[in-house]
Amino acid sequence: MDYKGGYCGRIAAVDLSSRSVETIDLTLDLARRFLGGRGLGAYLLCRDLSPGTDPLSPGNEILFETGPLTGLWLSAGRLHISARSPLTGTIGDGNSGGAWAPELKAAGFDLLIVRGRAESPVFLLVKDGEVQIHPADDAWGKNVGETTDLLRSRFSDADLKVVAIGPGGEKQVRFACVMNDYARAVGQGGLGAVMGSKNLKAIAVRGRGDIRVAHPKELMAFLREKIAHVQKKPGFDYFKRMGTTSLIAPSNEVGYACYNNMQYTRCPDAHALSSEHLQEHGYFRKSMACYGCFLGCSHLMVSKRGTFTEGIEFGTLNEVTACGIADADVAIEYNRVCNEYSLDTFDTGHVIAFAMECFEKGLLTKADTGGVDLRFGNSESLLAMVEQIASRSGLGDLLAEGLVSAADAIGKGSHEFANHIKGMALDTDIRGMPGWGLGYIVSSIGADHLRGSTSFTIAASRAMSKEQSVRLIGKEIDPSSYEDAPWAVWYEEKGDAVQDSLGLCKFISSPHGGPDLIYYKEYAELLYLMSGIEIPESEFDTIGERIVNAERAFNAREGFGRKDDTVPPRMREPARGGYNEGAFYSQEMLDVMLDGYYELHKWDKKTGIPTPERLNELDLPVLAEQIAKIHDPSSTP
Ligand code: SF4
């Protein structure tokens with residue numbers, strides 16, 4: 001397919017078992033229905049994977065995706081990756097910045113699909129329209145940074161863009177991530193373990209082609225105007241200086257922080273991790289940005305231990321406090337080693353916090369931990385457990401299976417404080433914030449805050465005016481209302497799905513980034529200027545709905561439904577600390593939210609599964625057929 005711009009029109013499919021590479025056309029029909037990125041990944045997984053595929057078997061596929069806006073100087077350097085998740089068993093996908101995705105496009109591909117399993121470790125080299133498979137025995141066992149350096153030096157190309165796994169991915173830790181450009185993580189869901197299961201150590205990309213643009217002059221003018229518009233928004237400079245660490249102070253005031261495995265919703269020493277403290281004490285060494293990003297919310301951070309890392313996020317700091325630790329030097333070291341081993345900083349920290357509570361309650365002893373004193377607040381124990389998990393040694397082998405399996409193995413009531421949704425660890429407390437919480441509860445990949453959680457419904461933002469509410473999510477709602485939460489999540493999740501499919505960062509888009517940023521109207525314009533493809537503004541909402549339905553259908557085939565849209569036991573206990581003190585989830589509140597949410601989607605309320613009729617309405621006939629079998633009581637899915 002020949003596109004005027006935006007898309008290359010080509011997908012590379014690599015089968016590591018047969019060592020073959022095939023090039024497939026990206027059809028206009030697929031581009032119009034799913035845009036690219038997350039949407040296209042969800043559809044292809046539904047189409048190509050048989051239900052019940054073991055995520056760590058050669059039968060799973062891992063897709064590396066770009067969107068039609070990838071490469072724009074509008075925070076559009078995002079890489080999206082999709083596969084069935086070995087952590088949750090649901091669809092698994094995630095997104096990171098960096099510069100790998102624009103490079104893939106410059107190399108001539110919109111998507112790279114990897115199937116099968118290599119007999120021994122390999123890496124892929126994608127270069128100017130060609131994909132080569134190379135042995136990676138000398139890289140196996142190396143950390144992410146060493147692997148990236150090794151490939152750059154082997155090909156004498158300092159600009160080679162590399163996604164890689166470290167030992168955590170190789171050992172198939174179920175929450176291993178994929179690292180991109182050394183320090184950008186496609187974090188949750190264990191996609192690094194999928195690479196490890198395929199003996200795929202890394203993918204290096206070099207493209208010397210252009211990313212084509214259908215209407216370059218008009219696009220430049222449009223970008224100038226939009227960038228200036230976003231730069232004038234209140235809070236822009238502050239966010240640029242502080243990044244998401246700026247959320248530490250409000251989270252502790254409001255009570256969505258995680259302290260001592262979520263036994264408390266405030267961390268008493270949180271000021272030591274606040275952005276103001278980090279800035280004042282010289283931890284922020286240099287401002288960093290993903291490819292083509294005019295915002296640049298990231299930092300190079302240097303610890304007093306002499307080590308450095310890039311861009312600690314709020315959720316990572318929350319997991320450090322979940323272990324009872326509020327020490328910036330430890331947090332930097334924790335982030336650094338997790339990145340080097342390709343371990344997700346959220347699930348790693350949370351499963352260690354869980355083990356700490358087990359230890360304090362006497363369910364684990366030093367005999368289980370290899371002598372590690374696993375009490376809350378012990379920094380060296382946190383770092384020691386990261387080593388054990390990455391190498392799958394001692395207790396680390398059990399924790400590497402994720403929260404649910406760890407609680408199954410330890411037993412003795414430990415499920416009561418395993419804080420996960422669908423097997424994925426919570427990275428913020430969700431009590432007292434229905435719109436924020438519902439996004440986590442219904443997210444297709446497990447407890448994730450970037451798929452419908454409405455940031456403005458966090459209690460700190462309750463001052464939002466009626467007019468702002470209408471501008472932001474199309475309706476006046478009360479952010480504290482359980483009855484209103486479904487609308488907010490339903491509205492936001494479609495926008496989030498579209499952003500992940502176009503290739504944009506959520507921080508410059510509404511509603512996640514705030515009111516009056518760029519949204520459907522601007523997406524329609526940008527898509528046209530970039531690719532020449534005209535999709536009316538109103539159609540983006542339907543595309544978002546289609547993507548959310550495809551993901552829901554994938555999960556329904558794997559047996560997920562209403563019973564899984566729930567909260568862990570700790571969220572049913574009253575919150576302790578902050579403005580949200582006393583808040584909790586009752587079954588009645590959950591039922592109100594789920595009924596309302598399923599109704600908006602026109603899904604079956606009893607099961608929480610899309611109906612075949614709804615899937616057909618959304619132009620998903622293949623999925624309608626698959627789901628009809630689940631709705632038919634005489635058929636076994
Ligand atoms: S806003 Fe931050 S995360 Fe988003 S593209 Fe820019 S630097 Fe990357």
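**Figure 1. Strand S1 and its parallel neighbour S6.** Strand S1 is joined to strand S6 (residues 111-115) by five bridges, and the two strands run parallel; strands here are DSSP runs of type E with at least two residues, and helices are DSSP runs of type H or I with at least four, numbered from the N terminus. Two strands are said to pair if DSSP finds at least two bridges between them. The model shown is a predicted one, in which local features need pLDDT of at least 70 and side-chain atom pairs count only at pLDDT 80 or more, whereas totals for chains, interfaces and linings use all residues. Residues are numbered from 1 along each chain, following the sequence as written.

Figure 2. Strand S1 (residues 10-15) and strand S2 (residues 20-25) run antiparallel and are joined by six bridges. Strand S2 is hardly covered, as the count of buried residues among its six residues is zero; a residue is called buried if 20 or more other C-beta atoms, placed from the backbone, lie within 10 Å of its own, exposed if 12 or fewer do, and partly exposed in between.

**Figure 3. Cys8, in the segment before S1.** Cys8 lies in the segment that precedes S1 and is classed as buried because 24 other C-beta atoms lie within 10 Å. Leaving aside neighbours within four places in sequence, Cys8 is in contact with Lys105, Gly108, Phe109 and Asp110, where contact requires that the C-beta atoms of two residues, placed from the backbone, lie within 7 Å. Cys8 and Pro68 are 60 residues apart in sequence, and their C-alpha atoms are 8.8 Å apart in space.

**Figure 4. Strand S9 between two antiparallel partners.** Strand S9 pairs with S12 in the antiparallel sense over four bridges, and with strand S10 (residues 178-180), again antiparallel, over two bridges. Val163 has Ile203 as its bridge partner in S12, while Ala164 stands opposite Met179 in S10. In a regular strand the side chains alternate between the two faces of the sheet. In S9 (residues 161-164), Lys161 and Val163 point one way and Val162 and Ala164 the other way, and all are buried.

**Figure 5. An open sheet of three strands.** The strands of this open sheet have the order S13-S14-S15, with antiparallel pairing. Strand S13 (284-288) and strand S15 (308-310) are the edge strands, each of them pairing on one side only. From one strand to the next the twist averages 20 degrees. S13 pairs with strand S14 (residues 298-302) over four bridges in the antiparallel sense, and the partner of Met288 in S14 is Ser298.

**Figure 6. The surroundings of the ligand.** The residues around the ligand are Ser75, Gly97, Ala289, Cys290, Cys293, Leu295, Gly296, Cys297, Ser298, Cys505 and Phe507; a residue is taken as near if its C-beta atom, placed from the backbone, lies within 6 Å of the molecule. By class, this shell has seven nonpolar, four polar and no charged residues. Ser298, one of these residues, is also the bridge partner of Met288.

Figure 7. Most residues other than glycine have a negative phi, and most peptide bonds are trans. Asp128 has a positive phi of about 40 degrees although it is not a glycine; Asp128 lies in the loop between strand S7 (122-127) and strand S8 (130-135), and is exposed because 12 other C-beta atoms lie within 10 Å. Asn199 likewise has a positive phi, near 60 degrees, and is placed in the loop between helix H6 (191-197) and strand S12 (200-206); Asn199 is buried, with 20 other C-beta atoms within 10 Å. The peptide bond from Ser510 to Pro511 is cis, with omega near -5 degrees, and Pro511 is found in the loop between helix H20 (485-502) and helix H21 (520-531).

Definitions and conventions. Ala, Val, Leu, Ile, Met, Phe, Trp, Tyr, Cys and Pro count as nonpolar, Asp, Glu, Lys and Arg as charged, and the others, Gly among them, as polar. Axes are lines fitted to C-alpha atoms, for helices over the stretch in contact, and angles run from 0 to 180 degrees between N-to-C directions.
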